[in-house]
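Good morning, and thank you for coming. Please look at the sequence and the structure as I bring them up.

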Amino acid sequence: MSNSLSEAIDKRQQSWRSGLLGSQTFWVFIAVITASLALSMATDSFATSKNLYNITRNVTFVAIIALGMTMVIITGGIDLSVGSVLCLSSMVLAVTMHAGYSIEVGILSAVATALIVGAVNGALIAYVGLPPFVVTLGMLSIARSLAMVASGNTVVFEFGPDHAKLLDLGGGAWLFGIANPVVFMIILALITGFVLRNTQFGRYLFAIGGNEHAATTTGVPVRVIKVAVYMISALSAGIAGIIQTGWLGAVTTNIGAGMELQVIAAAVIGGANLAGGGGTALGAIIGAMLIEVIRNSLGLLGINAFWQGAFIGGAILFAVLFDRLANFRRSD
Amino acid sequence: MGLAAGGEGWLRLAVLELRHISKHFGAIEAVKDVSFSLEAGEVIGLMGDNGAGKSTLVKMIAGNFRPSSGTMLMDGAEVVLHRPLEARRHGIEIVHQDLALCNNLTAAANVFLGRELKMGVGPFKILDYKAMYRRAAEIFTELKSETRPRDLVKRMSGGQRQAVAIARTRLSDAKIVLMDEPTAAISVRQVAEVLNLIRRLRDQGITVVLISHRMPDLFAVADRVIVMRRGTKVADRKIADSSAEEVTGLITGAIETV
């Protein structure tokens, strides 16, 4: 009896192996590795430490926001405002520090700005019931406009007394020579993965994306969770903005323009389901990596940069197509 | 009052008793002066055509609506249910017709949805997967269902989905389980599975109120049938003393009352 009970507990529908082979993230990872190996052999410039350093660092800004975006997508939502929120947070940081405040005050203001924007998005979506697409599209426009207002549409490259600290935060490599942005990305990915898998909050994100009505009937605080998830998404954009500011050493009002599409692409390529109910932190990172490897390799192979969009778009379609085929096979 | 005649001459306390319950929405009287009592371990079929008042009645028992007049007693004491949560606290659970399941989650995750087991200290609590898998497996064994805790609901049969929804009611110490059309949209073989689940609940002393349009299911599993027509109770019969023809007649009005 107790034996059959524990058997029942341990029994799964599929082994880990078939689970792995059916996982989009796994195949995208294979694609990243294959492309990297091919490029190392085809060119002399790919596998240089300088290029790899560039790739890993370039990946991080899209990847960090893709973590937040994945959480939103899991609930069945979308956040188009992330590129503009990145810009607004960076600008608030820059303007605050330029005015002579310390880096701590600057970062706090930037984070608070992002959280407020996210809370407005979330409240309009969860309590007023407006569609996420429309709300965040509006915020895309509002946040960038506010960034222009805050800076008078100028470039800020003087960050006051803590100027050096900020540049070190984004451009340094405090841990074993790994670029700081990469370290932040890994920490945030671990936290996101943990939250999604091991907390009640994470479980509720999947429940809302799977069947919002069921989540409501069973007592899940759907509205509160939705507000929280848009705040997290904006926060991820804010954090990426802070690190990027330190790395670039300057903020203009057009940074992050069009970034939302790259971020959504990374999340979707990494297996986040736009219909809601599916997605992983690891997938978001790997999706961002594939996009960066495509971009980088086109440059190294001397292919016209105009082709970038076609290749990245092709990767998105291929990933979604793969997901459809995998589901089709399963339902047979 | 408060006592209902049980089998073999025993008198048992009613788990739930409705006394002269009415509900009107404006000028429309959805339920008119309905009284009945439910015993522990009894399966009651609640029948009636669309608009007969059965869902209004069920919603009052589940705490969605408050009666306009009349009283409800549980174990002999009067209860007033303002919200579904209060009904749940009194041991009244409802299995919705749509089951309220998340297809993308496992059976165990669905069973514990909104009531997850956690471990840890203070605000740092994480999901206790092991405990939830174990408890879910125990409940499925208890229900003699072959549903496995780690299986995703999207790959389950209709009968297994029903088992997951019913398993939720076993988390709390439910006394009454209200089931809304549990056999409406599933295959014949799975119907048998669901009827067995209902028998398991009954065997554990739980009162099951079965709202169904399917006459054969009712006669297979119910002890008693209550028929509603135009807001009033027209019959309260032991299944053994009734027949499908009689119940159909009562529903349509071909037979006035018994």
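This is a predicted model: local features need pLDDT of at least 70, side-chain atom pairs count only at pLDDT 80 or more; totals for chains, interfaces and linings use all residues.

Residues are numbered from 1 along each chain as its sequence is written, while chains are lettered from A and ligands numbered from 1 in the order in which they are written.

Let us begin with Ala207(A), which sits in helix α10 of chain A, residues 200-210; helices here are DSSP runs of H or I of at least four residues, strands are runs of E of at least two, and both are numbered from the N terminus. Is Ala207(A) buried or exposed? Ala207(A) is buried, because 29 other C-beta atoms lie within 10 Å; the cut-off for buried is 20 or more, with C-beta atoms placed from the backbone. Beyond its neighbours within four places in sequence, Ala207(A) is in contact with Ala215(A) and Val220(A), and also with Cys102(B), Leu105(B) and Leu113(B). Contact means that the C-beta atoms, placed from the backbone, lie within 7 Å.

Turning to the two chains, 23 residues of chain A are in contact with 25 of chain B. On the chain A side, α10(A) gives the largest share, 6 residues.

Finally, chain B has an open sheet of 4 strands, ordered β4-β3-β6-β7, with antiparallel pairing; strands pair if DSSP finds at least two bridges between them. The edge strands, β4(B) and β7(B), each pair on one side only.

Methods: A residue is buried if 20 or more other C-beta atoms lie within 10 Å of its own, exposed if 12 or fewer, and partly exposed in between; C-beta atoms are placed from the backbone.
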